[in-house]
Amino acid sequence: MTGRVETSDRTASVSVKANAAAQQNKNTIICVVYVIAALDITWMFLQFSITPYLAKKLGFDTLWFGYLQTMVGVVQLFGGPLFGRFADVFGARAALSLSCAATIVFFILLALADSPAMLFIQKLPTVFMHVLPASQMVVADLSKPEERADCLSKLGLCFGIGMIAGSTLGGHLVTHYGERFAAYSGAAGSALSLLLVLIFIPETTKAQAPKANTESETKRESIFNVGRITRLLKYPGVAPIFAVKIVTGLPSGIFQVMFSIIAMEFFKLTPQENGYLMAYFGITQMVIQGGVIGQLTARYSESLLLLLSIGISALVGLAQAYMQNVFQFCLTVVPMMFSLSVFNVITDSLLTKSVPSSDTGTMLGLCASVQSLLRTVGPTIGGFLYVGYGISSIGLLQFTVNAAVFVYQLQRRHESKKDEHKQ
């Protein structure tokens, strides 16, 4: 009898140690993913310091620059959901490797761009450039549901670090060494990201790996089958949140895609000054996503935080409609970054919790396609509003849309509470 008890204790001890080791391994992978995400955002903001000034040298005006941004949105709009499905089927390592390799090609083509046509061609690799959604998938797969919002918010902290590093580095490199040297630096940095993926990221991070299929055609069908992607919208609660993500995100998305033009023409900022401003954005986002969102999600419901973010976004739009200089804009940055950070983290958390773990990559791919949709229509709408009616029109649009969504969501929340009391 004593022998059986000892055997049982040993088995339990081995099981505890195995679980602890597995959890430690997951935490290590998540930390490496944070580093990869921070590096990718650094290269992305490095590119933001290059493209507007290179485009201006090549003869682009505000309207044509809008077309260039629209092309990126269209390419990533189709690429996002397919890339998410690719990540679910082939695993995290393959997805992140593909994305990092595409980023290397992207920067090499940017360095070689010497004509308007080449600048458009240079945007084609963006169809595979989805490091952040792939990183979100890994974090969602390896984190507990109750900790998911907090873990996803840490990716926002990485975003802030990358924003500071990329904007500062990009402004410095472009000012002192030129656009092409900065672009080659981005290619070298992306190669480092690829190396980290190949060394540290496992083949798959799913609780249950996708079943192997010997027929490659079946795999291709599972990736390119639109029905398998859009079916996620049929899960309870997904479609309403997805609709809010699109409608509420449109006005703020317009401002974001037009900001490089606003900084250059309305605020008259140099590349280096623009880099400092973006670094300010990054510091603000680091504080909010690294230290604030985790505390808020632990104390308040996600539905309440979603409502709060929409309300603050409406007030930010109103303030930006009447700003006259860069100092006044800086006063709106903290509430703007708070509303954007909370909104994106909460909606992504709610959506990934609403689908099976085997489909988190596809769901996050759809979320990424929302941002791509905003980048598709945003530059055209933003260029039209900015040229025709001035910067105030963009702020007023954000105020009107977000205020309407806030009232609608508040009414739904009130009705939901009424139904709960009746039951």
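How many cavities of 30 Å³ or more does the structure hold? There are three. The model is predicted.

**Second largest cavity**
- The volume of the second largest cavity is about 50 Å³.
- Its lining consists of Ser 252, Phe 255, Gln 256, Ser 313, Gln 320, Met 336, Ser 339, Leu 340 and Gln 398.
- At least two lining residues come from each of helix 10 (238–266), helix 12 (302–321) and helix 13 (326–353).
- Sorted by class, this lining has six polar and three nonpolar residues, and no charged residues.

**Helix 12 and helix 13**
- The axes of helix 12 and helix 13 come within 8 Å of each other and cross at roughly 150°.
- Helix 12 is therefore roughly antiparallel to helix 13, since angles over 145 degrees count as such.
- The crossing of helix 12 past helix 13 is left-handed.
- Residues in the contact of helix 12 with helix 13 comprise 15 nonpolar, seven polar and two charged.

**Second largest pocket**
- The second largest pocket holds about 340 Å³ of space.
- Of the 13 residues that line this pocket, Ser 303, Leu 306, Gln 409, Arg 412 and Arg 413 lie nearest its centre.
- Helix 10, helix 12 and helix 15 (391–422) are the elements that give two or more residues to the pocket lining.
- Helix 15 provides the largest share of that lining, with six residues.
- By class, the pocket lining has six nonpolar, four charged and three polar residues.

Note on methods. Residues numbered from 1 in each chain as written. Predicted model: local features only at pLDDT ≥ 70, side-chain atom pairs only at ≥ 80, totals over all residues. Heavy atoms only, no water. 1 Å grid on protein atoms, 1.4 Å probe; cavity = no way out; pocket = protein on both sides within 12 Å on 5 of 7 lines; lining within 4 Å. Points joined across faces, edges and corners; volume = space filled by probe spheres on them. Helix = DSSP H or I, 4+ residues; strand = E, 2+ residues; numbered from the N terminus. Nonpolar A, V, L, I, M, F, W, Y, C, P; charged D, E, K, R; others polar. Axes fitted to C-alpha atoms, helices over the stretch in contact; angles between N-to-C directions. Parallel < 35°, antiparallel > 145°, perpendicular 65-115°, else oblique. Left-handed = near helix turned anticlockwise from the far one by under 90°.
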